[in-house]
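My notes follow the model.

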Amino acid sequence: MSRKRIAAVVTEYRRYSHAQHIVDRFLWGYGWGNRHHLPPVEVVSLYVDQFPDSDLSRDRSRQFPSMKIYPSIREAVTEGTNRVTVDGVLLIAEHGNYPRNEKGQKLYPRYEFFNEIVSTFRDHSRSVPVFNDKHLSWNWEWAREMVDTSKEMGFGFMAGSSVPIAPRLPAMDFPLGSEVTDAMCIAVGGPDGYDIHALEAIQCMVERRRGGETGVQAIQAYRGDSVWNWMKSDEWDQSLFESCLCRSHTVRSGSENLSHVLPRKEAIPGLVTQTPTIYVCEYRDGLKVTMILMEGLVADFTFAARLKNPNRIFSTQIYLPPREVCNFFNPLVHHTESLFLTGKSPYPIERTLLTTGMTAAGIESLWRDQSRIETPHLDVCYQPTRHSTFWRS
Amino acid sequence: MISRRKFLGTASTVPLLKSPPRLPTVDKGEKGIAIIATEWAFESLAQQVGDAFLMGYPYEGKWHQPRARVRSVYVERNPSSPLIRQRSDEFGMVLYPTISETLRCGKSSIGVDAVLVLADSGSKPRLTQSDREMCDRYRYFQQIVKIFHEEQKALPLYFSHFLSDYFKESEIILSTSHKIGSPLMTGSTTPLTWRMPECDLPYGRAVKEAVVVTGRDSEAAEFEALEAMQGMLERRRGGETGVRSVQLLKGDPVWQAASEGRWSQTLLEAALSRSDKLLGITLKDARPQDLVNSGVLPEIVDHPRAYIIEYIDGLKATLLQLRGAIGDLVFSARLAGRTSPLATQFLTVPMTSGSHSSCLVTKIEEMVNSGVSPCPAERGWLVRGVLEQAEESGVQRGKVIGTPELKRTYRVPKQSQYIRS
């Protein structure tokens, strides 16, 4: 079987950019199945939107002469011919120098790149699978349009963060068909960057609950001092918070002489090194989800949920290896290979459609003085895959 | 610092997170522990393990309070440090000036149910004689056993990392403990730590060959690597029956041995596929690498070492120290009846985290409460013997050294002991 040929459409390609982590794995291979795996997929064309001083795309193209850099997305998808010659497209629009809007959202051109790709498909009457890295857009309506377009045109469309498919400690999946009342994730980073990762960490778990996913009806965000005020209330599940911290390998104690204990409540504000952010999400079926970003308290991602019948807490850590190699991109690239080889996304695009909308609503809440935002548009319904897709073999 | 009085005074306003300090009350069902430590400094093993027993530790997504108390402590270096005084004030553990008083809690008879000997393994590449004397586990053991003899009572014993720096002493400790009926446990966190992916050697499966690769160049790292590998291999068909010979190769002979098929490059590729800390050019531009098939290893590993071990039952295993290639610890093995190798990484959890030592403390607690060691002390005995003879092989320029003294049979429980929950 001949190798599949794909195009990569990226914002920038430098060390530690998502484009570098993903495309490099197609070029050099990666650890998979207890060997060094070379994908049966070849990157033959590259569009790069920005070339900072630290650009690596030209170096990569020299090392892999079969991968040519084109000056436009259309030319990358057609390899400069009058037809769509590639078998798939990577759309990696993360990192780069782009403006922010009044809400603080960085205006990465995912929608614009997608439209150019789709326009090329239409003009040449051929569509191929597309992978979109992280969320679909900073704009909910555009994200909705992207998913609708992929269905209308009938091409496989995969998206999302690497977090849902990263390894876990312990290696457990959320029990399929569980009754769950509350769920929580404690993670790092800030809004419009890491909120999507934390929301995807939660969604890949809770989508497996009884009844499947039926959407989110409201979101309220808290940031800064209001986070500490919220923590003084009775509105949150302290046991889930402790369970998350008990799964963390990086939780700080807040004490000079105690390294192995959980911090006292009053010590937490002093430990957090980035402005804390919380999104409280009310799902349509009654599930309550709390996304907590408290970098400095922890340096990893942990998840906990309260299950019923029997009553218990499910918890795990989503393990993200060190950034020098970022091997959590291994399962992402492997699933992307599956997309290109089979034409179908290994997990539902609706997951990232929903988390894209939740991210936008969280930002909206922050912009509107941390008010509660009703989200009738987030009536995104889907069923999860039966089998787990996180990396555990 | 939180005094006992202050804690009791604020007990009605319990902090959000249920982290101890615990109230130093006595639960009649609790076992008492004596700790013999070389040092109780912040981030020392004594502090990590001791604190886990004093304050609890995270386990299975919950805070776990052990049913065992630290009753008495002996610390050889800096016994008057503020950290020890703080623990004594807050938790009621009593510091004694001698091992004898520590085991007897200052009275006339043994007042504890188990003894933990917590000596750091040392961070220097190769220990000096004075380092060994300072961390002299054998000296502590002699004093402990003397007390056991005096009182005709043998308690469970745990030795951190290994029994002794010397094989002969390890042999004496092992055989004496068996003779007097003292349950014995030893070892580091490495065989018990998280694995990525979660996997263990299938119990009772025949193993053809194994490789363990470390990127750290130190005695302690090499011991831990062998210990981790042995924790896998001892589960094989027939159990452990001992080692026939050992050979240490350094420098170019390491690569030559690979090309001669004396250790498997396929297994090396499998092990390295599990590394999350590739070095070499990855440090420069974060690219993934196939270190084996690219041929780059001899360029980036300045001083490779290969410990080639031939087991009595025919198994061949190799420890590769490849500083410059990777920064973590990985393993692979070829099993009978299976084409693809088994491979995993022994995960290094930050030492400042309770999760680092919880995998070890839960096993120590199991021994303290059950009186049975869940991990065989023979493992550490065997590893010490292999390393000692390997050193001799190195002195003799890579000569294969026969090891009749390493003939010993032991079996381990079917249930895996590494942490998965």
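**Contacts along chain A**

I began with contacts in chain A between residues at least 6 apart in sequence: 79% of them join residues at least 24 apart. Contact here means heavy atoms within 4.5 Å.

I noted the ground rules next. This is a predicted model, where local features need pLDDT of at least 70, side-chain atom pairs count only at pLDDT 80 or more, and totals for chains, interfaces and linings use all residues. Residues are numbered from 1 along each chain as its sequence is written, chains are lettered from A and ligands numbered from 1 in the order in which they are written, and side-chain values use heavy atoms, with hydrogens and water left out.

**Chain A overall**

I looked up the secondary structure of chain A and found 11 helices and 16 strands. Helices (H or I, at least four residues) and strands (E, at least two) are DSSP runs, numbered from the N terminus. Chain A has a radius of gyration of 21 Å, close to the 21 Å from the globule rule for 393 residues, so it is as compact as a globular protein of that length. That radius is taken over C-alpha atoms, and the rule is 2.2 Å times the number of residues to the power 0.38. I read the span of the C-alpha trace along its principal axes as about 65 × 45 × 40 Å. Of the 393 residues in chain A, 65% are buried. Buried means under 20% relative accessible area, exposed over 50%, and partly exposed in between (1.4 Å probe, protein chains only).

**Chain B overall**

For chain B I noted 14 helices and 17 strands. Buried residues are 61% of its 421. Of the contacts in chain B with a separation of 6 or more, 78% are between residues 24 or more positions apart.

**Helices α1 and α10 of chain A**

How do α1(A) and α10(A) pack? Helix α1 (residues 18–28) and helix α10 (residues 329–342) of chain A meet at an angle of about 60°, with axes 10 Å apart. The axes are lines fitted to C-alpha atoms over the stretch in contact, and angles run from 0 to 180 degrees between N-to-C directions. The two helices are therefore oblique to each other. Under 35 degrees would be roughly parallel, over 145 roughly antiparallel, 65 to 115 roughly perpendicular, and the rest is oblique.

I listed the contact residues. From α1(A) they are H18(A), H21(A), I22(A), R25(A) and F26(A). From α10(A) they include F329(A), L332(A), V333(A) and F340(A). The contact divides into 6 nonpolar, 4 polar and 2 charged residues. Ala, Val, Leu, Ile, Met, Phe, Trp, Tyr, Cys and Pro count as nonpolar, Asp, Glu, Lys and Arg as charged, and the others, Gly among them, as polar.

**Single residues**

I checked T355(A), in helix α11 (residues 349–367) of chain A. T355(A) is buried, at 0% relative accessible area. Leaving out residues up to four places away in sequence, T355(A) touches I196(A), L199(A), E200(A) and Q203(A).

Where are the cis peptide bonds I looked up? One runs from N309(A) to P310(A), with omega near 0°. P310(A) sits in the loop between β14 (301–308) and β15 (312–318) of chain A. Another runs from M196(B) to P197(B), with omega near 5°. P197(B) is in the loop between β9 (195–196) and β10 (207–214) of chain B.

I then turned to positive phi. C326(A) has a phi of about 50° although it is not a glycine. C326(A) lies in the loop between β15 and α10 of chain A, and is buried at 7% relative accessibility. C105(B) also has a positive phi, near 50°. C105(B) lies in the loop between α4 (99–104) and β6 (114–118) of chain B, and counts as buried at 17%.
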